[in-house]
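Biologist: I've got a model open and I'd like to learn how to read it. Could you walk me through it, one feature at a time?

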Amino acid sequence: MSTIMEQARRGTIDERIKAIAKKEGVTERFIVDGIAAGKIVMPCNPVHDPTPAAIGEGLSVKINANIGTSRDMPNIEPEIRKMDIAIKYGADAIMDLSTGGDIDAIRKTLLDRCDVMMGSVPLYETGLTAARKNAIVELTEDDIFNGIEMHAKDGMDFMTVHCGITRETVEWLKKADRLMDVVSRGGSFLTAWILHNGEENPLYKNFDYLLEMARKYEFTLSLGDGFRPGCINDATDQAQLSELMTLGHLGKRSREANVQAMVEGPGHVQMDQIPANMKLQKTLCLGAPFYVLGPLVTDIAPGYDHITSAIGGAIAAQNGADFLCYVTPAEHLSLPDEKDVKEGVIAAKIAAHAGDLSRGRGKELDDRMARARKVLDWEEMYDVCLDPEKAREYRSRGCTEEKDGCSMCGDLCAVKIVNQYLIKENDIVGSDKKHDC
(Lines give C-alpha, C1' and ligand atoms only; values in the text may rest on other atoms or scores of the structure.)
Protein backbone atom coordinates (compact mmCIF):
# COMPACT_ATOMS: atom_id res chain seq x y z
CA MET A 1 0.00 0.00 0.00
CA SER A 2 1.33 3.46 -0.89
CA THR A 3 2.07 5.96 1.86
CA ILE A 4 0.47 9.40 1.92
CA MET A 5 3.75 10.91 0.75
CA GLU A 6 4.06 8.42 -2.13
CA GLN A 7 0.54 9.25 -3.24
CA ALA A 8 1.31 12.96 -3.08
CA ARG A 9 4.43 12.48 -5.19
CA ARG A 10 2.27 10.84 -7.83
CA GLY A 11 -0.08 13.82 -7.70
CA THR A 12 -2.99 11.88 -6.21
CA ILE A 13 -5.79 14.09 -4.90
CA ASP A 14 -8.25 12.22 -2.70
CA GLU A 15 -11.21 13.39 -0.63
CA ARG A 16 -8.99 14.20 2.36
CA ILE A 17 -6.83 16.53 0.29
CA LYS A 18 -9.94 18.21 -1.12
CA ALA A 19 -11.39 18.74 2.37
CA ILE A 20 -8.14 20.19 3.72
CA ALA A 21 -7.66 22.51 0.75
CA LYS A 22 -11.20 23.86 1.11
CA LYS A 23 -10.81 24.46 4.84
CA GLU A 24 -7.40 26.12 4.46
CA GLY A 25 -8.39 28.25 1.48
CA VAL A 26 -5.58 26.93 -0.72
CA THR A 27 -5.50 24.81 -3.85
CA GLU A 28 -5.48 21.04 -3.74
CA ARG A 29 -2.22 21.13 -5.67
CA PHE A 30 -0.68 23.29 -2.92
CA ILE A 31 -1.45 20.61 -0.32
CA VAL A 32 -0.20 17.76 -2.52
CA ASP A 33 3.02 19.56 -3.42
CA GLY A 34 3.66 20.44 0.23
CA ILE A 35 3.26 16.84 1.37
CA ALA A 36 5.45 15.61 -1.48
CA ALA A 37 8.17 18.06 -0.46
CA GLY A 38 7.97 17.18 3.24
CA LYS A 39 6.88 20.72 4.17
CA ILE A 40 3.32 19.67 5.04
CA VAL A 41 2.20 16.59 6.95
CA MET A 42 -1.25 15.00 7.09
CA PRO A 43 -1.16 12.70 10.14
CA CYS A 44 -3.73 10.01 9.41
CA ASN A 45 -3.33 6.44 10.64
CA PRO A 46 -5.94 4.40 8.68
CA VAL A 47 -6.96 2.59 11.87
CA HIS A 48 -8.00 5.88 13.48
CA ASP A 49 -8.95 7.82 10.34
CA PRO A 50 -9.42 11.26 11.95
CA THR A 51 -11.08 14.30 10.41
CA PRO A 52 -8.64 15.34 7.66
CA ALA A 53 -6.17 18.04 8.74
CA ALA A 54 -2.70 19.15 7.77
CA ILE A 55 0.21 20.94 9.42
CA GLY A 56 2.90 22.92 7.70
CA GLU A 57 4.08 25.70 5.44
CA GLY A 58 1.41 28.04 4.09
CA LEU A 59 -1.37 26.63 6.29
CA SER A 60 -3.08 27.94 9.42
CA VAL A 61 -1.14 27.36 12.63
CA LYS A 62 -2.48 24.32 14.47
CA ILE A 63 -2.56 23.62 18.21
CA ASN A 64 -2.24 20.44 20.24
CA ALA A 65 -3.60 19.71 23.72
CA ASN A 66 -1.91 17.15 25.97
CA ILE A 67 -4.08 15.03 28.26
CA GLY A 68 -3.44 11.82 30.17
CA THR A 69 -3.57 10.08 33.49
CA SER A 70 -0.82 9.95 36.11
CA ARG A 71 0.08 7.68 39.01
CA ASP A 72 -1.81 9.97 41.43
CA MET A 73 -4.79 10.53 39.08
CA PRO A 74 -5.27 7.27 37.13
CA ASN A 75 -8.97 7.53 36.22
CA ILE A 76 -9.91 7.94 32.58
CA GLU A 77 -13.20 9.83 33.03
CA PRO A 78 -11.59 13.22 33.74
CA GLU A 79 -9.30 12.76 30.73
CA ILE A 80 -12.28 12.07 28.46
CA ARG A 81 -13.88 15.30 29.67
CA LYS A 82 -10.61 17.19 29.14
CA MET A 83 -10.36 15.87 25.60
CA ASP A 84 -13.93 16.91 24.84
CA ILE A 85 -13.27 20.39 26.24
CA ALA A 86 -10.03 20.76 24.29
CA ILE A 87 -11.73 19.85 21.01
CA LYS A 88 -14.74 22.07 21.77
CA TYR A 89 -12.49 25.12 22.15
CA GLY A 90 -10.44 24.48 19.06
CA ALA A 91 -7.66 21.95 19.62
CA ASP A 92 -6.60 20.52 16.25
CA ALA A 93 -4.87 17.53 17.83
CA ILE A 94 -4.78 15.62 21.11
CA MET A 95 -1.81 13.82 22.64
CA ASP A 96 -2.37 11.05 25.17
CA LEU A 97 0.51 11.09 27.66
CA SER A 98 -1.03 8.71 30.19
CA THR A 99 1.26 7.14 32.80
CA GLY A 100 -1.29 5.86 35.33
CA GLY A 101 -4.02 3.23 35.42
CA ASP A 102 -4.64 0.80 32.56
CA ILE A 103 -2.67 2.74 29.95
CA ASP A 104 -3.53 0.45 27.03
CA ALA A 105 -7.26 0.63 27.73
CA ILE A 106 -7.08 4.39 28.24
CA ARG A 107 -5.32 4.91 24.91
CA LYS A 108 -7.83 2.78 23.00
CA THR A 109 -10.81 4.47 24.63
CA LEU A 110 -9.50 7.95 23.86
CA LEU A 111 -8.72 7.01 20.26
CA ASP A 112 -12.23 5.64 19.79
CA ARG A 113 -13.74 8.93 21.00
CA CYS A 114 -11.32 11.34 19.32
CA ASP A 115 -12.21 12.66 15.87
CA VAL A 116 -9.12 14.86 15.46
CA MET A 117 -5.48 13.87 15.00
CA MET A 118 -4.10 12.01 18.00
CA GLY A 119 -0.52 11.47 19.06
CA SER A 120 1.43 9.78 21.84
CA VAL A 121 4.91 9.16 23.22
CA PRO A 122 5.24 5.36 23.32
CA LEU A 123 8.46 5.55 25.30
CA TYR A 124 6.53 6.82 28.34
CA GLU A 125 4.56 3.60 28.63
CA THR A 126 7.56 1.44 27.76
CA GLY A 127 9.75 3.21 30.31
CA LEU A 128 7.09 2.98 32.98
CA THR A 129 6.71 -0.76 32.41
CA ALA A 130 10.48 -1.22 32.66
CA ALA A 131 10.71 0.90 35.81
CA ARG A 132 8.08 -1.24 37.51
CA LYS A 133 10.01 -4.41 36.70
CA ASN A 134 13.63 -3.37 37.08
CA ALA A 135 14.81 0.02 35.86
CA ILE A 136 14.35 2.24 32.80
CA VAL A 137 17.97 1.62 31.83
CA GLU A 138 17.17 -2.09 31.52
CA LEU A 139 14.96 -1.45 28.48
CA THR A 140 15.84 -3.53 25.45
CA GLU A 141 15.68 -2.44 21.83
CA ASP A 142 12.77 -4.81 21.33
CA ASP A 143 10.93 -3.22 24.25
CA ILE A 144 11.22 0.21 22.62
CA PHE A 145 10.10 -0.85 19.15
CA ASN A 146 7.36 -3.15 20.44
CA GLY A 147 5.91 -0.19 22.31
CA ILE A 148 5.88 1.93 19.14
CA GLU A 149 4.27 -0.86 17.14
CA MET A 150 1.55 -1.32 19.76
CA HIS A 151 0.60 2.37 19.56
CA ALA A 152 0.71 2.20 15.75
CA LYS A 153 -1.61 -0.80 15.64
CA ASP A 154 -4.07 0.98 17.92
CA GLY A 155 -4.24 3.89 15.47
CA MET A 156 -1.98 6.71 16.66
CA ASP A 157 -1.70 9.30 13.89
CA PHE A 158 1.64 10.71 15.04
CA MET A 159 4.20 9.71 17.64
CA THR A 160 7.01 11.53 19.37
CA VAL A 161 10.22 9.55 18.97
CA HIS A 162 13.43 10.87 20.52
CA CYS A 163 15.79 9.83 17.75
CA GLY A 164 18.10 12.84 17.95
CA ILE A 165 19.65 11.91 21.28
CA THR A 166 22.85 10.07 20.44
CA ARG A 167 26.05 9.19 22.22
CA GLU A 168 27.59 12.22 20.55
CA THR A 169 24.82 14.62 21.58
CA VAL A 170 25.00 13.30 25.15
CA GLU A 171 28.65 14.38 25.12
CA TRP A 172 27.51 17.85 24.06
CA LEU A 173 25.10 17.81 27.01
CA LYS A 174 27.99 17.17 29.36
CA LYS A 175 29.83 20.18 27.92
CA ALA A 176 26.82 22.50 27.94
CA ASP A 177 26.62 25.02 30.78
CA ARG A 178 23.08 24.02 31.68
CA LEU A 179 21.09 24.72 34.81
CA MET A 180 18.31 22.22 34.10
CA ASP A 181 20.10 19.45 32.15
CA VAL A 182 17.27 17.33 30.63
CA VAL A 183 13.60 18.18 31.25
CA SER A 184 12.04 15.97 28.57
CA ARG A 185 10.77 12.71 30.07
CA GLY A 186 11.61 10.74 26.94
CA GLY A 187 14.91 12.56 26.69
CA SER A 188 15.80 11.67 30.27
CA PHE A 189 14.96 7.99 29.69
CA LEU A 190 17.27 7.72 26.69
CA THR A 191 20.05 9.85 28.17
CA ALA A 192 20.13 7.60 31.23
CA TRP A 193 19.98 4.51 28.99
CA ILE A 194 22.95 5.66 26.88
CA LEU A 195 25.04 6.63 29.91
CA HIS A 196 24.27 3.37 31.73
CA ASN A 197 24.74 1.00 28.80
CA GLY A 198 27.43 2.86 26.89
CA GLU A 199 25.60 2.08 23.66
CA GLU A 200 23.92 4.08 20.89
CA ASN A 201 20.29 5.17 21.16
CA PRO A 202 18.28 2.31 19.58
CA LEU A 203 15.94 4.79 17.85
CA TYR A 204 18.90 6.43 16.13
CA LYS A 205 20.86 3.25 15.45
CA ASN A 206 17.81 1.49 13.99
CA PHE A 207 16.20 4.50 12.35
CA ASP A 208 15.69 2.59 9.09
CA TYR A 209 13.62 0.02 10.98
CA LEU A 210 11.55 2.83 12.50
CA LEU A 211 10.94 4.16 8.98
CA GLU A 212 9.78 0.73 7.84
CA MET A 213 7.33 0.64 10.72
CA ALA A 214 6.05 4.15 9.94
CA ARG A 215 5.49 3.15 6.31
CA LYS A 216 3.71 -0.05 7.29
CA TYR A 217 1.28 1.54 9.73
CA GLU A 218 1.15 5.02 8.16
CA PHE A 219 1.90 7.16 11.19
CA THR A 220 3.74 10.47 11.14
CA LEU A 221 7.03 10.78 12.97
CA SER A 222 7.30 13.68 15.38
CA LEU A 223 11.04 13.89 15.86
CA GLY A 224 11.29 14.78 19.54
CA ASP A 225 13.52 17.38 21.13
CA GLY A 226 14.84 15.48 24.13
CA PHE A 227 17.37 18.24 24.85
CA ARG A 228 14.94 21.14 24.61
CA PRO A 229 15.85 23.93 27.04
CA GLY A 230 13.99 23.70 30.33
CA CYS A 231 14.84 27.22 31.42
CA ILE A 232 15.84 30.52 29.83
CA ASN A 233 19.52 29.99 30.68
CA ASP A 234 19.69 26.79 28.62
CA ALA A 235 18.13 28.13 25.42
CA THR A 236 19.96 27.83 22.09
CA ASP A 237 22.95 26.04 23.59
CA GLN A 238 25.22 23.36 22.11
CA ALA A 239 23.12 20.45 23.36
CA GLN A 240 19.90 21.79 21.84
CA LEU A 241 21.51 22.69 18.52
CA SER A 242 23.50 19.48 18.18
CA GLU A 243 20.29 17.49 18.58
CA LEU A 244 18.51 19.78 16.08
CA MET A 245 21.20 19.13 13.47
CA THR A 246 20.73 15.40 13.96
CA LEU A 247 16.96 15.77 13.58
CA GLY A 248 17.47 17.66 10.33
CA HIS A 249 19.47 14.72 8.98
CA LEU A 250 16.83 12.22 10.13
CA GLY A 251 14.06 14.32 8.61
CA LYS A 252 15.84 14.16 5.27
CA ARG A 253 16.09 10.37 5.57
CA SER A 254 12.37 10.25 6.34
CA ARG A 255 11.53 12.09 3.12
CA GLU A 256 13.76 9.78 1.13
CA ALA A 257 11.81 6.86 2.59
CA ASN A 258 8.42 8.47 1.80
CA VAL A 259 7.61 8.86 5.50
CA GLN A 260 5.95 11.99 6.85
CA ALA A 261 7.89 13.72 9.61
CA MET A 262 7.74 16.92 11.62
CA VAL A 263 10.32 18.28 14.03
CA GLU A 264 9.78 19.31 17.64
CA GLY A 265 11.34 22.39 19.18
CA PRO A 266 11.90 24.35 22.39
CA GLY A 267 11.06 24.79 25.23
CA HIS A 268 12.01 27.84 27.29
CA VAL A 269 13.42 30.61 25.10
CA GLN A 270 13.59 34.33 25.77
CA MET A 271 11.72 36.44 23.25
CA ASP A 272 14.66 37.86 21.32
CA GLN A 273 16.00 34.37 20.54
CA ILE A 274 12.73 32.89 19.22
CA PRO A 275 13.00 34.19 15.61
CA ALA A 276 16.53 32.80 15.30
CA ASN A 277 15.38 29.44 16.68
CA MET A 278 12.61 29.22 14.11
CA LYS A 279 14.98 30.19 11.29
CA LEU A 280 17.55 27.61 12.38
CA GLN A 281 14.98 24.82 12.46
CA LYS A 282 13.48 25.66 9.10
CA THR A 283 16.95 25.88 7.56
CA LEU A 284 18.52 22.81 9.15
CA CYS A 285 15.39 20.69 8.68
CA LEU A 286 14.69 21.78 5.09
CA GLY A 287 11.34 23.40 5.84
CA ALA A 288 9.85 20.49 7.78
CA PRO A 289 6.78 21.37 9.88
CA PHE A 290 7.92 22.71 13.25
CA TYR A 291 6.07 21.66 16.43
CA VAL A 292 6.93 23.82 19.46
CA LEU A 293 6.14 23.62 23.17
CA GLY A 294 5.51 27.27 23.90
CA PRO A 295 8.18 28.54 23.84
CA LEU A 296 7.88 29.89 27.38
CA VAL A 297 9.50 33.33 27.51
CA THR A 298 10.22 33.50 31.25
CA ASP A 299 10.65 31.02 34.10
CA ILE A 300 9.04 33.00 36.94
CA ALA A 301 5.31 32.52 36.29
CA PRO A 302 4.09 29.21 37.76
CA GLY A 303 0.31 29.27 37.62
CA TYR A 304 0.42 31.59 34.60
CA ASP A 305 2.56 29.62 32.18
CA HIS A 306 -0.29 29.50 29.67
CA ILE A 307 0.44 33.22 29.28
CA THR A 308 4.23 32.90 29.05
CA SER A 309 3.67 30.15 26.50
CA ALA A 310 1.16 32.15 24.44
CA ILE A 311 3.57 35.08 24.20
CA GLY A 312 6.31 32.80 22.89
CA GLY A 313 3.92 30.82 20.73
CA ALA A 314 2.72 33.94 18.94
CA ILE A 315 6.29 35.00 18.18
CA ALA A 316 7.18 31.48 17.09
CA ALA A 317 4.15 31.30 14.79
CA GLN A 318 4.98 34.69 13.31
CA ASN A 319 8.43 33.35 12.45
CA GLY A 320 7.50 30.00 10.96
CA ALA A 321 6.29 27.57 13.64
CA ASP A 322 3.44 25.44 12.30
CA PHE A 323 2.12 23.57 15.33
CA LEU A 324 1.87 24.86 18.92
CA CYS A 325 1.61 22.55 21.89
CA TYR A 326 -0.51 24.22 24.53
CA VAL A 327 0.73 24.88 28.05
CA THR A 328 -1.78 25.10 30.89
CA PRO A 329 -1.68 27.21 34.07
CA ALA A 330 -0.80 23.99 35.92
CA GLU A 331 2.46 23.49 33.98
CA HIS A 332 5.37 22.72 36.38
CA LEU A 333 2.89 22.32 39.27
CA SER A 334 0.33 19.54 38.79
CA LEU A 335 -1.78 17.55 36.38
CA PRO A 336 -4.18 20.06 34.77
CA ASP A 337 -7.88 19.94 35.53
CA GLU A 338 -10.67 20.69 33.08
CA LYS A 339 -10.54 24.44 33.67
CA ASP A 340 -6.78 24.43 33.12
CA VAL A 341 -7.21 22.58 29.83
CA LYS A 342 -9.73 25.12 28.60
CA GLU A 343 -7.50 28.06 29.53
CA GLY A 344 -4.48 26.39 27.92
CA VAL A 345 -6.36 25.75 24.68
CA ILE A 346 -7.74 29.30 24.49
CA ALA A 347 -4.29 30.80 25.15
CA ALA A 348 -2.74 28.63 22.44
CA LYS A 349 -5.55 29.51 20.01
CA ILE A 350 -4.90 33.21 20.61
CA ALA A 351 -1.20 32.68 19.90
CA ALA A 352 -1.91 30.65 16.78
CA HIS A 353 -4.39 33.20 15.43
CA ALA A 354 -2.02 36.08 16.17
CA GLY A 355 0.65 34.21 14.23
CA ASP A 356 -1.76 33.59 11.37
CA LEU A 357 -2.60 37.30 11.20
CA SER A 358 1.08 38.18 10.92
CA ARG A 359 1.32 35.72 8.01
CA GLY A 360 -1.69 37.15 6.17
CA ARG A 361 -4.31 34.62 7.27
CA GLY A 362 -7.51 34.86 9.32
CA LYS A 363 -8.15 38.61 9.23
CA GLU A 364 -11.75 38.05 8.18
CA LEU A 365 -12.56 36.97 11.75
CA ASP A 366 -11.11 40.16 13.22
CA ASP A 367 -13.04 42.19 10.64
CA ARG A 368 -16.25 40.42 11.65
CA MET A 369 -15.59 41.31 15.28
CA ALA A 370 -14.84 44.95 14.40
CA ARG A 371 -18.05 45.28 12.40
CA ALA A 372 -20.05 43.72 15.22
CA ARG A 373 -18.51 46.10 17.75
CA LYS A 374 -19.23 49.03 15.43
CA VAL A 375 -22.97 48.35 15.64
CA LEU A 376 -22.92 46.91 19.19
CA ASP A 377 -24.12 43.53 17.90
CA TRP A 378 -23.35 41.44 20.95
CA GLU A 379 -24.65 38.15 19.58
CA GLU A 380 -22.35 38.45 16.57
CA MET A 381 -19.43 39.23 18.88
CA TYR A 382 -20.16 36.11 20.91
CA ASP A 383 -20.34 34.08 17.72
CA VAL A 384 -16.90 35.22 16.58
CA CYS A 385 -14.99 35.10 19.87
CA LEU A 386 -13.01 32.10 21.09
CA ASP A 387 -14.93 31.71 24.35
CA PRO A 388 -18.57 32.87 24.04
CA GLU A 389 -19.52 31.66 27.53
CA LYS A 390 -16.84 33.73 29.22
CA ALA A 391 -17.66 36.79 27.10
CA ARG A 392 -21.34 36.56 28.09
CA GLU A 393 -20.41 36.12 31.74
CA TYR A 394 -18.21 39.21 31.78
CA ARG A 395 -20.75 41.40 30.02
CA SER A 396 -23.44 40.41 32.52
CA ARG A 397 -21.41 41.76 35.44
CA GLY A 398 -22.86 44.90 36.98
CA CYS A 399 -25.67 44.81 34.47
CA THR A 400 -26.17 48.20 32.91
CA GLU A 401 -29.42 49.91 32.02
CA GLU A 402 -27.90 50.57 28.60
CA LYS A 403 -29.04 47.48 26.71
CA ASP A 404 -26.66 48.12 23.86
CA GLY A 405 -23.66 48.95 26.03
CA CYS A 406 -21.80 47.37 28.92
CA SER A 407 -21.06 48.28 32.54
CA MET A 408 -17.62 49.67 31.70
CA CYS A 409 -18.88 52.86 30.01
CA GLY A 410 -22.66 52.76 30.28
CA ASP A 411 -24.10 55.89 28.65
CA LEU A 412 -20.55 57.14 27.93
CA CYS A 413 -19.94 54.36 25.38
CA ALA A 414 -17.54 55.75 22.77
CA VAL A 415 -18.97 53.58 20.00
CA LYS A 416 -22.55 54.65 20.79
CA ILE A 417 -21.64 58.35 20.88
CA VAL A 418 -19.84 58.22 17.56
CA ASN A 419 -22.65 56.22 16.00
CA GLN A 420 -25.06 58.95 17.02
CA TYR A 421 -23.11 61.96 15.78
CA LEU A 422 -20.58 60.91 13.14
CA ILE A 423 -22.44 58.13 11.42
CA LYS A 424 -22.10 57.78 7.67
CA GLU A 425 -24.69 56.37 5.33
CA ASN A 426 -24.76 52.55 5.25
CA ASP A 427 -22.13 52.21 8.01
CA ILE A 428 -24.62 50.46 10.26
CA VAL A 429 -26.18 47.22 9.13
CA GLY A 430 -29.90 47.66 8.55
CA SER A 431 -29.78 51.47 8.52
CA ASP A 432 -31.64 53.10 5.62
CA LYS A 433 -31.55 56.64 6.90
CA LYS A 434 -29.01 59.37 6.36
CA HIS A 435 -28.06 61.21 9.53
CA ASP A 436 -26.61 64.72 9.73
CA CYS A 437 -24.45 66.06 12.52
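Modeller: Helices (H or I, at least four residues) and strands (E, at least two) are DSSP runs, numbered from the N terminus. Before the case itself, note that this is a predicted model, where local features need pLDDT of at least 70, side-chain atom pairs count only at pLDDT 80 or more, and totals for chains, interfaces and linings use all residues. Residues are numbered from 1 along each chain as its sequence is written, and side-chain values use heavy atoms, with hydrogens and water left out.

Biologist: Okay, at what angle do the axes of α8 and α9 cross?

Modeller: Roughly 100 degrees, with the axes of α8 (residues 167-175) and α9 (residues 185-197) coming within 10 Å. That makes α8 roughly perpendicular to α9; the cut-offs are under 35 degrees for roughly parallel, over 145 for roughly antiparallel, 65 to 115 for roughly perpendicular, and oblique for the rest. Contact means heavy atoms within 4.5 Å, and here Arg167, Val170, Leu173 and Lys174 of α8 meet Thr191, Ile194 and Leu195 of α9.

Biologist: What about the loop between α8 and α9?

Modeller: Asp181 sits there, with phi near 55 degrees, a positive value in a residue other than glycine. Leu286, in the loop between α13 and β9, also has phi near 55 degrees. Pro295 belongs to the loop between β9 (290-293) and α14 (305-318).

Biologist: Is Ala352 buried or exposed?

Modeller: Buried means under 20% relative accessible area, exposed over 50%, and partly exposed in between (1.4 Å probe, protein chains only). Ala352 has a relative accessible area of 3%, so it is buried. Ala352 belongs to helix α15 (residues 338-358) and touches Val61, Ile63 and Leu324, not counting residues up to four places away in sequence. Ser60 is 292 residues from Ala352 in sequence, yet 7.9 Å away in space, C-alpha to C-alpha.

Biologist: And how do I read charged pairs?

Modeller: Side chains of opposite charge can pair when their charged atoms come close. The rule for a salt bridge is a side-chain nitrogen of Lys or Arg within 4 Å of a carboxyl oxygen of Asp or Glu. By that rule the count is 26.

Biologist: Which residue forms a salt bridge with Arg107?

Modeller: Glu125, with the closest N and O atoms 2.8 Å apart. Arg107 is in helix α5 and Glu125 in helix α6 (residues 122-133), 18 residues apart. Arg107 and Glu125 are both buried. Now try Glu379 and Arg392, at 2.7 Å between the closest N and O atoms. Glu379 lies in α17 (residues 378-384) and Arg392 in α18 (residues 388-396), so the pair ties together parts 13 residues apart in sequence. With a relative accessible area of 47%, Glu379 is partly exposed, and Arg392 is partly exposed at 40%. Salt bridges that share partners also join Asp104, Arg107, Glu125 and Asp154 into one network.

How values were computed
Axes fitted to C-alpha atoms, helices over the stretch in contact; angles between N-to-C directions.
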